[in-house]
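Work through the following exercises with the structure open beside you, and compare each step with the solution given.

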Amino acid sequence: MIARDLRSGVEQLGNMIAEASSIVPFTGAGISTECGIPDFRSPGGIWTRNRPIPFDEFVASQDARDESWRRRFAMEPTFAAARPGRGHRALASLYRAGKVPGIVTQNIDNLHQISGFEADDVIELHGNTTYARCIGCAKRYDLSWVKQHFDAGGGAPDCADCGDPIKTATISFGQAMPEDAMQRATELAQHCDLFLAIGSSLVVWPAAGFPMMAKNCGARLVIINNEPTDQDDIADLVIRHDIGETLGPFVGN
Ligand code: NAD
């Protein structure tokens with residue numbers, strides 16, 4: 001059912017939250033747009049400006065790695081300046097109240113952790129762009145280290161230990177999904193009684209399968225997104241309004 005207007009949507013959502021004992025939020029890029037981080041598919045979003053570099057191209061080509069890091073460094077002022085928005089803060093309030101056992105996110109911006117979630121309770125399906133890892137031995141690197149070596153050596157550096165390429169700790173197109181995160185997201189989706197899909201176009205799979213999975217396992221499904229999604233038909237409530245406006249009333253102390 002699509003909420004008649006923002007006010008009735010917020011009211012119905014409030015009732016569902018009050019009735020639920022285990023709420024699992026599932027977030028996409030839309031929750032972070034009010035924090036200044038553009039989403040993927042909206043006009044002017046990252047997707048429309050830059051062709052994504054698939055994983056096999058990143059591995060095979062120094063040029064692709066250089067380009068990938070140039071893009072990442074160009075985004076650094078945006079990621080570094082971003083602070084949690086009303087959506088992040090509302091979900092963190094529900095988490096502190098003991099209603100949310102964990103959050104599943106497609107986002108790579110670290111804002112759920114900054115808003116107050118324990119890192120272990122943030123299930124990152126597509127990784128995290130605020131640090132880097134060697135794709136061979138998984139050694140962790142700070143972005144400042146990568147930048148320093150990029151500038152000094154004229155290109156994307158390789159791992160100091162094993163010599164394999166270093167990449168932001170994100171999952172690129174064509175790269176295997178993280179098994180642990182997929183397993184934990186599955187458990188959360190299967191055992192909650194309210195699943196909140198927030199700010200996702202629900203077109204990136206397998207991540208987009210979780211709302212349907214939760215619904216099939218008996219949870220109520222709410223979709224909060226300012227444009228229609230393919231899964232609106234199966235949702236118990238669709239709030240087609242701004243996320244900050246919708247979740248702002250749920251920001252607690
Ligand atoms: P998406 O860009 O495909 O979809 C975002 C959706 O949110 C769109 O339907 C858009 O209309 C909606 N939206 C944007 N701002 C909104 C607002 N203020 N209120 C209500 N709705 C709003 O994003 P996705 O489904 O998460 O898939 C994109 C992929 O890109 C993800 O896998 C993610 O890893 C990555 N990504 C992450 C970030 C981030 O970490 N912040 C940003 C861009 C892309």
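Domain bounds here come from an automatic or database domain assignment. This is a predicted model, in which local features need pLDDT of at least 70 and side-chain atom pairs count only at pLDDT 80 or more, while totals for chains, interfaces and linings use all residues. Residues are numbered from 1 along each chain as its sequence is written, and side-chain values use heavy atoms, with hydrogens and water left out.

**Exercise 1.** State which domains the assignment gives for the protein chain, and describe the interface between domain 1 and domain 2.

*Solution.* Begin with the bounds: domain 1 is 1-36 + 83-126 + 177-253, and domain 2 is 38-81 + 127-170. Next, take the centres over C-alpha atoms, which lie 27 Å apart. Then count contacts (heavy atoms within 4.5 Å): 16 residues of domain 1 touch 14 residues of domain 2. The buried area, meaning the accessible area (1.4 Å probe) that two parts lose on being put together, summed over both, is about 1000 Å², and carbon and sulfur atoms give 49% of that area. On the side of domain 1, Gly36, Arg83 and Ile108 supply 36% of the area buried against domain 2, more than any other three residues.

**Exercise 2.** Describe the shell of residues around the ligand by class and by domain.

*Solution.* A residue is near a molecule if one of its heavy atoms lies within 4 Å of it, and of the 27 residues around the ligand, Arg41, Gln106, His126, Ser201 and Asn226 come nearest. Sorting by class (Ala, Val, Leu, Ile, Met, Phe, Trp, Tyr, Cys and Pro as nonpolar, Asp, Glu, Lys and Arg as charged, the others, Gly among them, as polar) gives 8 nonpolar, 14 polar and 5 charged residues. Finally, assign the shell to domains: at least three residues come from each of domain 1 and domain 2.

**Exercise 3.** Which distances separate ligand atoms from the side chains of histidine 126 and serine 200?

*Solution.* For histidine 126, an N or O atom of the side chain is 2.5 Å from an oxygen atom of the ligand. For serine 200, a polar side-chain atom lies 2.7 Å from a ligand oxygen atom.

Terms used: Polar contact = N/O pair within 3.5 Å; in protein donor to acceptor, adjacent residues only side chain to side chain.
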